[in-house]
Amino acid sequence: MKPRYSPHFTVLVLTLGQLLLLASLFLLSHFLHSLVLLGIAGVLCFALNWLILEIFIYRRLRTLYHKVLNVIKRRKKLDTLKPHADSIEGLYQALLELSSSVVKEIKQMRQVDLLRKEYIGDVSHELKTPLFAIQGYLETLLDGAMEDKAVNRKFLKQALRNVNRLNNLVQDLLTISQLESGQLQMNKEPFRIYNLLLDVLELLNFEITFRQIKVHIKANKLENQEVLADKDRIQQVLYNLLVNAIRYGKEEGNITLELTETKNKINVAVIDDGPGIAPEHLPHIFDRFYRIEKSRSRKNGGTGLGLSIVKNLIEAHEESIFVESEVGKGCRFQFTLEKAV
C-alpha cells in the first residue's frame with residue numbers, strides 16, 4: 001500500500017504515545033505537580049525517537065531511494081522522477097516506476113527472443129532448401145550423369161539457379177540487417193518519380209512481355225513533380241512491388257501505376273488485378289519469410305524478404321506504406337514520399 005504519513009508525523013505519534021504513557025505513570029504515582037518534568041521527558045523522548053528513526057531508518061531509506069532513482073535514470077536515459085523531499089514517498093514512487101519498467105523490458109525481451117528464434121529457424125530453412133538442391137545435382141553429376149550431355153547441362157542450370165537464389169537471399173538478409181541496425185543511410189535528393197517509374201518498367205520489360213501483362217500509368221499531371229528521397233532505394237521499392245505484381249498477378253492481366261498528391265506528399269500506388277490476398281494474411285504480408293503460397297513463391301524464385309525490405313526502406317524514409325486487397329480482385333500497395341520544395 002502507498003504510505004500515507006511523513007516521517008515527522010510518525011515521530012510525533014510515537015512521542016505522543018510515550019507522553020501518554022508517562023502521564024499515566026505520573027497519574028498513577030500522584031506526581032501531577034511535576035508538569036515541568038513531564039515536559040522535559042517529552043522533549044527527550046521526541047529527540048530520542050527522531051534520532052533513532054533518522055539514523056537507522058530514514059537515512060537508509062533516502063540512500064536506497066536515490067540509488068533506485070539513479071537506476072531508473074540510467075535505464076531510461078531520462079529524468080522520469082524528480083527527487084522527493086519525503087524519502088518514503090519517493091522510494092515508493094521510484095520502486096513503482098522501476099517495477100513497471102522491468103516488467104515492460106521483460107515482455108520486450110521475451111518477444112525479441114521469440115522473434116529471434118523464429119528468424120533463425122526461417123533463415124536456416126531458406127538456406128537449407130537451395131543448398132540441398134545444389135548438393136543433389138552435383139552428387140548426381142559426379143555419380144555418372146556428367147557423361148550424359150543432355151542431363152549434365154540441365155543439372156548445371158538447376159544448380160546455377162539455386163546458387164543465384166542463395167545469392168539473392170544473402171543480399172536481402174544483408175539489406176535487412178543494415179536497415180535494422182541503422183547502418184544503411186538514406187541519401188535523399190530531389191528527382192522525378194514519374195521518370196523513375198519508367199526506368200523500373202524498362203528493367204522489367206522482359207518479364208512483363210513474357211506474361212503478356214498490360215501496364216497503365218496514371219500520372220494525374222504529376223509527370224514533372226519531384227520527390228525528396230533516396231533514388232536508388234525507392235527504385236528498389238518499386239522494383240520489388242512490381243516483381244510481386246508480375247509474378248503473383250494474373251497472366252495477360254493488368255498492372256496500374258498511379259501517382260496522386262496531398263498537401264506535402266506524393267502517393268505512389270502499384271495495383272494489380274490478380275487473385276488478391278485473403279484478409280487473414282494482410283496483417284502479416286510485410287513479415288520476413290511470410291508466404292501465402294509457399295510452393296508457388298519458391299517456384300517463382302522469391303526469397304520471402306521482398307516486402308519486408310520494402311517496408312523497412314519506406315520507414316527509413318520516415319514514410320508509410322499500406323496494402324489493400326480483395327480476393328479475386330487484386331491488390332493495391334501504396335506508399336508516400338515527401339514532395340521536393
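Two strands pair if DSSP finds at least two bridges between them. Strands (E, at least two residues) and helices (H or I, at least four) are DSSP runs, numbered from the N terminus. Everything here comes from a predicted model, in which local features need pLDDT of at least 70 and side-chain atom pairs count only at pLDDT 80 or more, while totals for chains, interfaces and linings use all residues. Residues are numbered from 1 along each chain as its sequence is written, and side-chain values use heavy atoms, with hydrogens and water left out.

**View 1. Strand E5 and its two partners.**
Start with E4 (residues 254–261), which runs antiparallel to E5 and is joined to it by seven bridges. Getting from E4 to E5 takes a hairpin of three residues. Look for Leu-259: its bridge partner in E5 is Val-268. E5 also runs antiparallel to E7, again with seven bridges, and here Ile-271 has Arg-332 of E7 as its bridge partner. E5 is mostly covered, with six of its eight residues buried (buried is under 20% relative accessible area, exposed is over 50%, and partly exposed is in between, using a 1.4 Å probe and protein chains only).

Asn-267 sits in strand E5, which covers residues 265–272. It counts as buried because its relative accessibility is 11%. Contact means heavy atoms within 4.5 Å. Leaving aside residues up to four places away in sequence, Asn-267 touches Glu-258, Leu-259, Thr-260, Glu-261, Thr-262, Gln-334, Phe-335 and Thr-336.

**View 2. The largest nonpolar core.**
A nonpolar core is a set of buried Ala, Val, Leu, Ile, Met, Phe, Trp, Tyr and Cys residues joined through side-chain atoms within 4.5 Å. The largest one here has 49 residues, and Ile-193, Ile-234, Leu-238, Val-268 and Phe-335 have the most contacts inside it. Helix H7 (residues 231–248) gives the largest share of this core, eight residues. Zoom in on Phe-335: not counting residues up to four places away in sequence, its contacts include Ile-234, Val-237, Leu-238, Leu-241 and Val-268.

In H5 (residues 193–203), the buried residues are Ile-193, Tyr-194, Leu-196, Leu-197, Val-200 and Leu-201. Seen down the helix axis, they fall within an arc of 160°, so they line one face of H5; the arc is that of the directions from the axis to the C-beta atoms. Turned away from that buried side, you'll find the exposed residues Glu-202 and Leu-203.

**View 3. A tilted aromatic pair.**
Rings of Phe, Tyr and Trp (its six-membered ring) pair if their centres lie within 6.5 Å; planes under 30 degrees apart count as stacked, over 60 as edge-to-face and the rest as tilted. The whole structure has three aromatic pairs. One of them joins Tyr-137 and Phe-155, a tilted pair at 5.3 Å centre to centre with 55° between the planes. Tyr-137 belongs to helix H3 (residues 87–142) and Phe-155 to helix H4 (residues 149–181), so the pair ties together parts that are 18 residues apart in sequence. Tyr-137 is partly exposed at 22% relative accessibility, whereas Phe-155 is buried at 19%.

**View 4. An edge-to-face aromatic pair.**
Phe-286 and Phe-333 pair edge-to-face, 6.2 Å centre to centre and 85° between the planes. Phe-286 lies in the loop between E5 and helix H8 (294–299), and Phe-333 in strand E7 (residues 330–339), so parts 47 residues apart in sequence are tied together. Phe-286 is buried, at 14% relative accessible area, and Phe-333 is buried too, at 8% relative accessibility.
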